[in-house]
Structure formats: C-alpha cells, structure tokens
Amino acid sequence: MYKIIPHPASISPENGTFVLNEKTTIRVQTEKEEACQIAQMLAEQLRPPTGYPLLIMEADEKDAHGGIVLALADGDTALGEEGYELRVRPEGIWLSASHPGGLFHGIQSIRQLLPAAIEKRTPQRGPWTIEATTIRDRPRFAWRGAMLDVGRHFYGPPVIKRFIDQLACYKFNILHLHLTDDQGWRLMINAWPKLAEVGGKYSVNRDPGGYYTQEEYQDIVEYARQRYITIVPEVDMPGHTNAALASYVELNPSGRAAGMYTATGVGFSTFAIHHEFTYKLLQDVISEIIRLTPGPYFHIGGDEAHSTPDADYTFFVKRIQDMVWEHGKICVGWEEVAKAEQLPKTIVQFWWNRVWARKGAEQGRKFIMSPADHAYMDMKYNESTKLGQDWTKKYIEVQDAYQWDPSTVLEGVAEASILGVEAPLWTETIATQADLDYMLYPRLPGYAEIGWSRLKSRNWSDYRLRLGAHGPRLAAMGIKFYLSPQIEWE
Ligand code: TNX
C-alpha cells in the first residue's frame, strides 16, 4: 500500500484517508525561514498538477484541520539532523522534524504517498488521496551520494540541476562532481584561465566540451544546498590530468606540452611531481574551488596514477592533503590514496582494489563504499545494453545494484567505519541527458535505499514491487528508463 523509496525506518497504517482539495492550506511557523522555504517548495510541487491554490499560512495548532502542517520542533532529538515524523490522518497532515533537512526529506515522502500524476507539471485529474499512516524515519548512513563525471562528457547547469532535483526525491544528500579528467577540465580557475579555456574544449570523441563559470558553479552549489545536498568537488590528480597538461606546458614532466586527448584510455598522464610550478598552480586551484564551495569536503582523486612512480605518488598525495587541510577542508580520495600517509580525517572511497583499501582500514580511515561491480552506474545492465562499460566483467541488473550491503563489502571495515555509499556515473560512453537517464534509472533509487534504510527493512522481493510502482512516477517526471525485465512495471 505504501510504496516509499527509500523504505522508512518505521511506517504503520492508520484508519481513513486524507484528501488534498482546493481548500487545503500549507501551515508553517512563518518566523522560521528555512521551514517557509520548504513549504514553498512543497506548494510549487503540488500546485501545477492539482491546480489548487495551496496557500501558505501561519501554523496554528488548534486551527490546522484540513491542512498540511510543517513544524520544526526542537524537542524530538531522536530524529537527528535528517529525520522526520509524518502523521497522515483524514483531517490533516502533520510533518515535524528537529532540523530543516528532516522537513525537506519529509515532503519527499508526502510526494511519494500521493498518486504518480503529482509529478506531472500540467493539470491532472485527482482525486489526490493518501491512506492514513504514521511514519518515523531517519537515515542509516550520513553519506548518501551520487557522482557525475562531467570530465569525459560535459553537462551544462540545467542538466545538473535536474539531476539534483531527482537526487532530492530519493533523499540523497551528496553530489560528487568529477570536475577534471584527461579529456576535460570543467571549472574556470581565475588565476589559471587556460585550464578551462583550453582544457575544457572537448569531450570524449571530440564531442562538444564546455566548462562552468565560477558564477554557474556557485549557482549549482546553492541550488543543491537549498535541497539539502552537499556538492563535493573533485580535482583528480596526479593521474587523469591530461586536460591540465595540455593547458600549461610547465605541468608536464617531459617539459613538452601534451595535446588534447579525446579517447578513453586511462593511466597515461601525470603532473611533474618535483617542479614547484605544479604546487603553485594547484594551490590556486584548491583555494579558488574551496572559496566557491561551502561544504566540508574536497576530493583529490588519486586513482589510476599508473604513470606516477610510487615514491612520487605518496609524496604528492601527502602534500596535496596538507594543502586541503590548511583550508580547513576534509580530503576525500579514491582508495589508492591509502598507499600514502594520510591525515586522520582523510576519507577513503573504495571502488575496486581491496589491497589498497585495506591499507586505509589499517590506518583507521572512514570509508565511502562505491564497489564498481555493484555501484557503478556506467556498467551495462546486460549483454545487449548499448551504452556503458563491462570491464568489471559483471553486468549490473537492477537486482545486482540493489542487493548488497556496505558493511560486508570490505573485510575489516564494519558499519562504524563506513560513512556511507556513493554510486558513480562515469561518462566515457554517456553523451546526452537521455543517455544519463537510461543508465541512472531504475538503478539510482536502489542506492538511495541502501544508504537510507535499515538492513532489516530491505529485501528484494518487496523492493521490486515498490520500484514497479515507481515506473509511472519516473515516467511522469519525463524520465525514459531501462525497462528491466526483473520488475513488474505498473
Ligand atoms: C575507473 S573508478 C575509473 C574511471 C573510469 C571508470 C569507468 C575510478 C576511480 N577510475 O576513470 O571512468 O573506471 O568505469
């Protein structure tokens, strides 16, 4: 009956049905600015399909009948920063949380309890009913992320904002932007403009490139913040750096400028590790990006640096970590960074190599789990999927994407050392928004559930029914997804 994804921590049915109608109001404590903004977002979501005015009014407990009440209540600390309580009764809806983030996640549950047509942006036929229920909900993991590789193919701000909206629906709270790679540098750095102007020219296959101006980037960061999503910027180094090497000749170990690269090999590029020029430029890159990004994290990449000798690699990673830390930010790196000495707060993102990851575990690091054979959204669904990759030698059908648990990915890395999960979308073969949609959906909601829901409330036979019920919802959002034969689509 209740088909919420990710599955709430607790949900129980109550008697009766709530009906949203032309008299329904949204009530909020008008002195609480963030709560008002969330009420506004709820109204903007519900008005186009229902055609109702859904006026926003001052909350008044006694007089709240027939309305949707959003309340920030400091008392209920058991809900944490992201939890919420939702009571749906025939006479009204009460949503409460101790922090605005909880209210925001709660309105996503209200959306999902309404009929799928609520996702359309033109007037639809009701009735707009919700079966009465009580939900108390909070996430299992603090880091529930997706990653988009804008280096291999560039996607402009509207595509990123649409993606942020979709992430918000499923209660994700992290968007990791892979801003640089061999094929493209995607953010203007004022002190070193050629990085973007030269390094941002192309995408893979010489498809059109591009880069974000600093204003566009800040606008994306702010758009995400309003949806309780933190942007984690990544500058991948010292490998995956050909676009930078093509922009500034001084960065090249050979002293000769690299040309732009538009194929899909990996592991051939590296910075000149022992030239001070490299650090002068990177210092500016890091401080400009950190100035534009209020979140606590900076991702230094560090993967597949096959052309950087080990001693150079560890020297470089140590030095870059220190730079990031001096700006007060926490470093995140792909598991290879565990080869180097790490700062106590550095976070290791596991993707493939268990030997290096274990080194991070031995040093007591916290982990983000992105196992390539389960969590990579660029992997093909099956042998006939046209887009995507298969280097893991495993296809990732919807069930493979869903049925694994972060706490059993790495021996010796238990729940307490796991910050959360992240599903990356690498874009060597993904050029358009339609390509993105096809690879993301319907796998993405499964990663949301792995990050949010208790293990005991997760099972495939129940999930596949709930996902089947989300088909019309995704369609109403204008998403053309992979019609997996594992799901009975409604
Ligand atoms: C490995 S994952 C990479 C990426 C590729 C991806 C393709 C990681 C840290 N490195 O450079 O895009 O595989 O699946």
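Leaving aside neighbours within four places in sequence, Leu 425 is in contact with Met 147, Leu 148, Asp 149, Met 377, Asp 378, Ile 430, Leu 436, Met 439 and Leu 440. These contacts belong to a predicted model. Leu 425 lies in strand β17, which covers residues 418-425. The relative accessible area of Leu 425 is 0%, so the residue counts as buried. A further spatial relation concerns Gly 388: this residue and Leu 425 are separated by 37 residues in sequence, and their C-alpha atoms are 9.6 Å apart in space.

Strand β5 comprises residues 84-89 and is mostly covered, with five of its six residues buried. Strand β5 is paired with strand β7, residues 128-137, through five bridges, and the two run antiparallel. Within this pairing, Val 88 of the chain stands opposite Thr 133 in β7. Strand β5 is also joined to strand β6, residues 92-97, by five bridges, again in an antiparallel arrangement. Here Glu 85 has Ser 96 in β6 as its bridge partner.

| Partner of β5 | Residues of partner | Bridges | Direction |
|---|---|---|---|
| β7 | 128-137 | five | antiparallel |
| β6 | 92-97 | five | antiparallel |

These local features belong to a protein chain with 14 helices and 17 strands. The chain has a radius of gyration of 23 Å, which agrees with the value near 23 Å that a compact globule of 490 residues would have. Along its principal axes, the C-alpha trace spans about 75 × 50 × 45 Å.

Burial and contact order can be described for the whole chain as well. Of the 490 residues, 60% count as buried. Among contacts between residues at least 6 apart in sequence, 73% join residues at least 24 apart.

The surface and the charges complete the description. The protein chain exposes about 18400 Å², of which carbon and sulfur atoms supply 52%. The chain carries 51 positive and 62 negative charges, and the mean positions of the two sets are 2 Å apart.

Note on methods: Residues numbered from 1 in each chain as written. Predicted model: local features only at pLDDT ≥ 70, side-chain atom pairs only at ≥ 80, totals over all residues. Heavy atoms only, no water. Helix = DSSP H or I, 4+ residues; strand = E, 2+ residues; numbered from the N terminus. Rg over C-alpha atoms; globule rule 2.2 N^0.38 Å. Buried < 20%, exposed > 50% of the residue type's maximum accessible area, 1.4 Å probe, protein only. Contact = heavy atoms within 4.5 Å. Areas by Shrake-Rupley, 256 points an atom, 1.4 Å probe, with all protein chains shown as cover. Lys, Arg positive; Asp, Glu negative; His and termini not counted. Charge placed at Lys NZ, Arg CZ, Asp CG, Glu CD. Pairing = 2+ DSSP bridges.
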